[in-house]
Amino acid sequence: MAKTMTDRELFPDYFVEEDVDRRKCTRVVPMKVLVIGMLRTGTLSMQAALEELGYKSTHHMHKVFQNPGSECIMWREALEAKYQNKGRKFTKKDWDQLLGHCQAVVDVPAAAFIPELYEAYPDAKVVIVQRDPDRWYESCSRTVMKFSASPQLKILYFLDRWLVMRLAPFMGLLFTSLFGPKTKDPVKRRENWIKGYTDAYDEVRRIVPPEKRLEFSLEQGWEPLCNFLGKDVPNKPFPHVNDSASFDAGIKVLVNRMWIRAAKQNLPFVVGALGIAAAWWIYG
């Protein structure tokens with residue numbers, strides 16, 4: 001009988017919590033691969049593939065969840081500089097601080113900065129992973145947009161100081177920078193998201209020479225990716241993870257972790273309030 005995997009085994013990234021001040025870090029491994037792959041383009045599959053090929057560590061949005069303190073702040077500063085002309089643009093020193101422990105990047109927020117990262121690391125190879133825009137948007141609407149509009153998340157905004165002070169402002173700025181301001185008009189929202197999606201890829205293709213980039217689809221498997229990166233083909237199937245069902249399961253685990261953190265944060269206030277109420281009831 002097959003062993004049932006636990007939430008920690010299925011979604012290990014959601015159970016890792018770090019408090020690393022990236023501003024005090026520097027580069028310790030060379031940056032070798034830059035993947036321009038927006039959310040819902042198989043980024044977790046690409047992360048698993050790159051780490052199987054030896055690129056440790058590969059940065060993904062999940063890494064921000066693991067170390068939200070300085071990472072949320074630094075990514076937000078980078079977004080403000082690029083999209084709002086606020087503050088100074090990141091230099092190689094800044095990227096070395098933020099990503100100095102990584103040999104590769106996938107997913108947002110890094111996918112929003114591939115031109116800047118390519119300027120900082122011109123020897124890195126660029127892999128472009130792009131889905132059909134309409135299918136990509138439908139995937140986002142079933143997953144990311146659905147989660148961001150969930151009632152549970154709105155309640156957690158009032159209870160989880162980490163979510164309110166760090167993650168929510170960063171995520172809000174990320175999505176408005178890439179896909180424009182929020183709108184209730186479904187037609188306009190679709191137009192904005194698809195335009196932001198295609199513009200990001202077009203910008204990379206304008207800047208990165210054809211010989212330095214690979215147009216890649218996960219369905220192609222290991223061979224074209226390994227040939228481009230100069231790696232041996234692993235003797236195992238190419239990873240395919242985080243379909244819509246897996247996304248929903250992972251979000252459930254993430255939200256449960258948020259509830260636990262919110263309970264720990266608010267327990268002293270609840271206990272204090274109960275103590276005051278008890279004292280009033282006994283002595284009042």
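1. In this predicted model, strands β1 and β4 (residues 125-129) run parallel and are joined by four bridges. Within this pairing, V33 stands opposite K125 of β4.

2. Strand β1 has a further partner to consider. Over two bridges, β1 pairs with strand β3 (residues 104-105), again in the parallel sense. The bridge partner of V33 in β3 is A104.

3. The side chains of β1 (residues 33-36) deserve a comment. V33 and V35 point one way from the strand, while L34 and I36 point the other way. All of these residues are buried. In a regular strand, side chains alternate between the two faces of the sheet.

4. Which residues of helix α7 are buried? In α7, which spans residues 133-142, they are W136, Y137, S139 and C140. Viewed down the axis of α7, the buried residues fall within an arc of 160°, so they line one face of the helix.

5. The start of α7 shows a contact between a side chain and the backbone. There, a side-chain oxygen of D132 lies within 3.2 Å of the backbone nitrogen of D134.

6. Leaving aside residues up to four places away in sequence, D96 touches T26, R27 and Y121.

7. On the cysteines, the structure holds zero disulfides. A disulfide is a covalent bond between the sulfur atoms of two cysteines. C25 has a relative accessible area of 26% and is partly exposed. C102, by contrast, is buried, with a relative accessible area of 0%. C140, in α7, is buried.

8. Confidence should be kept in view when the model is discussed. The average pLDDT of the protein is 85, and 79% of the residues score at least 70. Over residues 270-281, however, the pLDDT is below 50. Beyond near neighbours in sequence, that stretch has one contact in the model. Where pLDDT is low, the predicted coordinates should not be read in detail.

Key
Residues numbered from 1 in each chain as written. Predicted model: local features only at pLDDT ≥ 70, side-chain atom pairs only at ≥ 80, totals over all residues. Heavy atoms only, no water. Buried < 20%, exposed > 50% of the residue type's maximum accessible area, 1.4 Å probe, protein only. Arc of directions from axis to C-beta. Polar contact = N/O pair within 3.5 Å; in protein donor to acceptor, adjacent residues only side chain to side chain. pLDDT = per-residue confidence, 0-100. Contact = heavy atoms within 4.5 Å. Disulfide = S-S within 2.5 Å. Pairing = 2+ DSSP bridges.
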